[in-house]
Amino acid sequence: MLEKALTGTKKYYGWMAALLAVIGVGFACYLWQFQFGLGITGMSRDVSWGFYIAQFTFLVGVAASAVMVVLPYYLHNYKAFGRITILGEFLAVASVTMCILFIFVDLGQPTRVMNVLLHPTPNSILFWDMIVLNGYLFLNIIIGWKVLEAERNDVAPAGWLKPLIYLSIPWAVSIHTVTAYLYCGLPGRGFWLTAILAPRFLSSAFAAGPALLILLCMIVRKLTKFDPGKEQIQSLAKVVAYAITVNVFFFLCEVFVVFYSNIPEHMDHIKYLFVGLHGHGVLVPWMWASMILMVVSIILLVNPVTRKNETVLVVACITVFIGTWIDKGLGMISGGFVPNPLHHVNEYVPTLPEILIAIAIWAIGFLILTALFKIAVTIKEEVAGLA
Amino acid sequence: MKSSRRRFLKIAGISALGLGTKPVLDVMASSGEMAAPKTTKGENALVAQRWGMIIDTRKLQSEEDLEPMIEICDKIHNVPKFENKNHEVKWLWEEEFKHVFPMQEQDFLGYRLKHMSFLTLCNHCEKAPCVRVCPTKATFKREDGIVLMDFHRCIGCRFCMAACPYGSRSFNFRDPRPFIKETNPDFPTRTKGVVEKCNFCAERLAVGKIPACVEVSKGALTFGDLDDPESEVRKVLRNNYTIRRKPALGTGPSVFYIV
């Protein structure tokens with residue numbers, strides 16, 4: 001099936017070449033970082049995780065969201081999603097690959113990465129994160145590939161796939177839960193020290209991921225002869241609508257606990273993000289933009305009139321995606337580090353090479369996504385006799 | 001044709017399996033003969049159940065009192081000096097009261113405490129969060145309570161820096177060697193991409209010397225075994241009111257302050 005990714009229109013080749021060019025620029029920056037050290041980034045002694053780890057956190061959510069199409073189809077026999085489960089699974093493959101790359105580029109000594117396997121340490125959450133991320137990657141590759149192959153050959157998927165598919169459902173939840181545990185189990189980091197962090201991560205994941213999937217479905221419909229379907233898109237839109245609502249609700253719960261209890265260690269981070277602290281507030285406009293975008297998207301998505309209008313739906317999905325990306329991909333990580341444990345306010349802003357490396361990893365993700373979607377869609381067209 | 005191809009694959013598979021298991025079997029076979037790596041303590045080594053330190057801030061009135069300690073620490077441990085604040089490496093440094101004890105700050109703090117500098121260093125916690133989170137055991141706790149770093153195993157993930165509630169850890173954002181004034185050949189320099197921190201002068205304890213900062217402190221710092229009721233530290237702790245940083249977190253710091 002892989003050969004399907006090698007042939008395509010001029011547009012397809014052009015898009016892939018453009019992605020490769022972006023990857024090339026980022027790779028050159030990475031070589032510089034490899035040679036110089038992480039000092040070329042904006043990270044510091046106080047904000048020791050930055051843009052890379054934030055992107056990783058956001059993308060774990062996108063990856064986990066595949067479960068939102070897999071679960072209704074396989075557990076509740078919601079037939080309509082059978083058409084697009086493969087798209088969800090392949091989106092997960094691309095996202096987890098990006099996650100692993102983002103962790104890798106964040107390492108100070110990348111050549112020693114195998115030490116995590118040579119000296120396995122179960123009391124470190126990072127050890128478990130490695131297991132769940134790699135496991136999820138393999139599950140989705142195997143399941144996606146074998147189910148697509150069966151569809152191509154017009155036979156039922158192999159029986160041994162069923163347990164793997166059922167396993168992939170709790171596994172999806174686990175990847176984002178374990179990722180939240182990286183942060184929320186640390187003493188002295190008031191911003192993350194909350195039991196609602198994992199639920200918050202999952203709710204924003206189930207909003208951002210399906211929103212992206214809706215956008216991808218619309219692109220597929222526009223560019224190919226395969227139509228993911230109106231019902232499918234509308235069902236996904238309902239998932240996004242309630243997930244983003246729950247996400248904002250969880251955030252407000254957090255705000256209540258933090259400000260009513262009035263404990264400075266917990267308040268200071270949210271103050272820093274939304275009003276600035278001791279005259280520092282580089283993220284303030286971003287965080288308010290994120291809140292406004294999320295609230296606007298709730299209005300557009302919960303209201304059936306606007307949700308059913310596909311043009312408005314596109315706007316709403318872009319709004320959700322950007323809103324949740326700012327929340328997690330910008331605020332969530334540096335917000336936890338400012339102020340630092342000694343209550344100094346040292347801000348973090350990513351540098352240009354750091355951003356270029358991050359964009360390159362996104363480009364790798366889109367390269368993988370495009371190739372996998374190309375394969376899936378070509379086969380769907382063939383099966384439907386459209387090719 | 002077909003059956004011979006199948007046979008070939010079978011044999012190839014079994015051979016590959018055999019080659020793959022050989023190293024494992026070798027290790028198993030030799031495990032009985034292989035002696036565990038031997039480590040011995042030096043003849044003069046200072047030993048304890050749990051090392052601890054007391055900082056008597058009454059005897060450290062001005063920054064001039066702190067400087068010799070910081071200077072000797074930086075010098076013997078090859079701590080680099082960076083101009084870029086983002087790249088800073090700190091083992092032993094000064095902070096104001098409101099930063100060392102952030103949640104104990106109050107409006108009516110005495111003038112002396114409000115304006116003096118406090119020594120800040122790794123607390124060598126009893127239940128160290130940095131040890132708990134390290135994915136490679138590059139940060140580990142020794143039998144005598146000292147939290148140490150293996151600079152050769154550290155992958156530079158910086159999980160320990162996120163976990164430390166005292167901001168005691170530094171990362172080598174670039175090669176530190178060009179920024180060391182005068183290299184001490186008796187202590188390793190570090191490479192870019194690894195984390196480091198105060199080691200309670202483990203290298204000096206091994207040859208019978210107390211930590212360098214304690215040695216030059218003119219009696220302001222006391223160092224000793226917290227588990228030995230007869231030790232000097234325990235005597236000072238008995239006779240003075242001491243506080244520790246962020247006690248509510250349950251980390252159990254081994255560094256005490258008399259304020």
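Visitor: What's the strand order in the open sheet of chain B?
Guide: This is a predicted model. The open sheet has 3 strands, ordered β8-β1-β9 in chain B, and the pairing is mixed.

Visitor: Which strands stand at the edges?
Guide: β8 (221–225) and β9 (255–258) of chain B. Each has a single partner strand, so one side of each has no neighbour in the sheet.

Visitor: And how much are neighbouring strands turned against each other?
Guide: By 20° on average, ignoring direction.

Visitor: In what sense do β1 and β8 of chain B pair?
Guide: Antiparallel, over 5 bridges, with β1 spanning residues 51–56. B:W51 stands opposite B:D225 in β8(B).

Visitor: Which helix packs on the sheet?
Guide: Helix α9 of chain B, residues 232–239. It touches β1, β8 and β9 of chain B, and its direction makes about 120° with that of β8(B).

Visitor: Switching to the interface. How many residues are in contact between chains B and A?
Guide: 40 residues of chain B contact 32 residues of chain A.

Visitor: Which element of chain B gives the most?
Guide: α6(B), with 4 residues. By class, the side of chain B touching chain A has 19 nonpolar, 10 polar and 11 charged residues.

Visitor: Now chain A. At what angle do α4 and α8 pack?
Guide: About 115°, with the axes 11 Å apart. The crossing of α4(A) and α8(A) is right-handed.

Visitor: Which residues meet there?
Guide: A:L87, A:G88 and A:L91 from α4(A) meet A:L212, A:L213, A:L216 and A:C217 from α8(A). That contact has 6 nonpolar, 1 polar and no charged residues.

Note on methods
Residues are numbered from 1 along each chain as its sequence is written. Chains are lettered from A and ligands numbered from 1 in the order in which they are written. This is a predicted model: local features need pLDDT of at least 70, side-chain atom pairs count only at pLDDT 80 or more; totals for chains, interfaces and linings use all residues. Axes are lines fitted to C-alpha atoms, for helices over the stretch in contact, and angles run from 0 to 180 degrees between N-to-C directions. Helices (H or I, at least four residues) and strands (E, at least two) are DSSP runs, numbered from the N terminus. A crossing is left-handed if the near helix is turned anticlockwise from the far one by less than a right angle, and right-handed if clockwise. Two residues are in contact if their C-beta atoms, placed from the backbone, lie within 7 Å. Ala, Val, Leu, Ile, Met, Phe, Trp, Tyr, Cys and Pro count as nonpolar, Asp, Glu, Lys and Arg as charged, and the others, Gly among them, as polar. Two strands pair if DSSP finds at least two bridges between them.
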